[in-house]
Amino acid sequence: MTYKNIIDSLKRTSFHPQWLALLGDPYQLISRLEPGKGKNLLDIDCGRGWLKARLPDDVEFIGFDYPATGIDRYHAEQDVLGSAEALPFDSNSMDVVVCLKVLEHMPDPFSAVAEIARVLRPGGKAAISIPFAYPIHDAPYDFQRLTSFQLERMVENNGLQVDCFEETRHALENAALLSNLALGKTVLDGIK
């Protein structure tokens, strides 16, 4: 059994190193963006399409992923491949843009946020999330951690307005998550 198979078999259990990070329902955040009939939604770093399966059928879903990680590492179910730092879409063409836990993997997150602002239609909405207190993951494609102040500045400098900002984890949950990851890594290093 490979390392990846062991980790995958533990998903959604408290024995998975990222168990606390996987808790919750990110769709609650997306539903606030009101993706509905006749609208399109661009999912940057779409992975295996978990979001597409949760959307109403009348929403045009556009899955976007980075070739090196989307195809090679995660076997993404994308519609379009490319870099979020240079989105291959027309300006003012998207109703909703979702970019969850991916800016830390971009060499130039400032350009990615500028691109999100560029492709959003007037009145469009975006959901952007980033981890803060989290170890390096998906190396060598993990470049930085951004504070909430930096993310808010990036968004506002690109002409977007922050309607809602919320932390998703309490300090104790972050401490438990980091402890769980450390224990999981220690155990898995012993298996290798």
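**Q144 and its loop**

Where is Q144 found? Q144 sits in the loop between β5 (120–129) and α6 (148–157); helices (H or I, at least four residues) and strands (E, at least two) are DSSP runs, numbered from the N terminus. This is a predicted model, with local features needing pLDDT of at least 70 and side-chain atom pairs counting only at pLDDT 80 or more, while totals for chains, interfaces and linings use all residues. Residues are numbered from 1 along each chain as its sequence is written, and side-chain values use heavy atoms, leaving out hydrogens and water.

At 18% relative accessibility, Q144 is buried (buried is under 20% relative accessible area, exposed over 50%, partly exposed in between; 1.4 Å probe, protein chains only). Polar atoms of the Q144 side chain lie 2.9 Å from the backbone oxygen of L103 and 3.0 Å from that of M106. Skipping neighbours within four places in sequence, Q144 also has E104, H105, P107 and P109 among its contacts (heavy atoms within 4.5 Å).

**Salt bridges**

There are three salt bridges (a side-chain nitrogen of Lys or Arg within 4 Å of a carboxyl oxygen of Asp or Glu). One joins R121 and D95 at 3.0 Å, N to O. R121 belongs to strand β5 and D95 to strand β4 (residues 94–100), so the pair ties together parts 26 residues apart in sequence. R121 is partly exposed at 33%, whereas D95 is buried at 16%.

R118 pairs with E115, closest N and O atoms 2.9 Å apart. Both lie in helix α5 (residues 109–119), three residues apart, or about one turn of the helix. Then there's R145 with D142, at 2.6 Å, N to O; R145 is partly exposed at 24%, and D142 is buried at 13%.

How values were computed
Polar contact = N/O pair within 3.5 Å; in protein donor to acceptor, adjacent residues only side chain to side chain.
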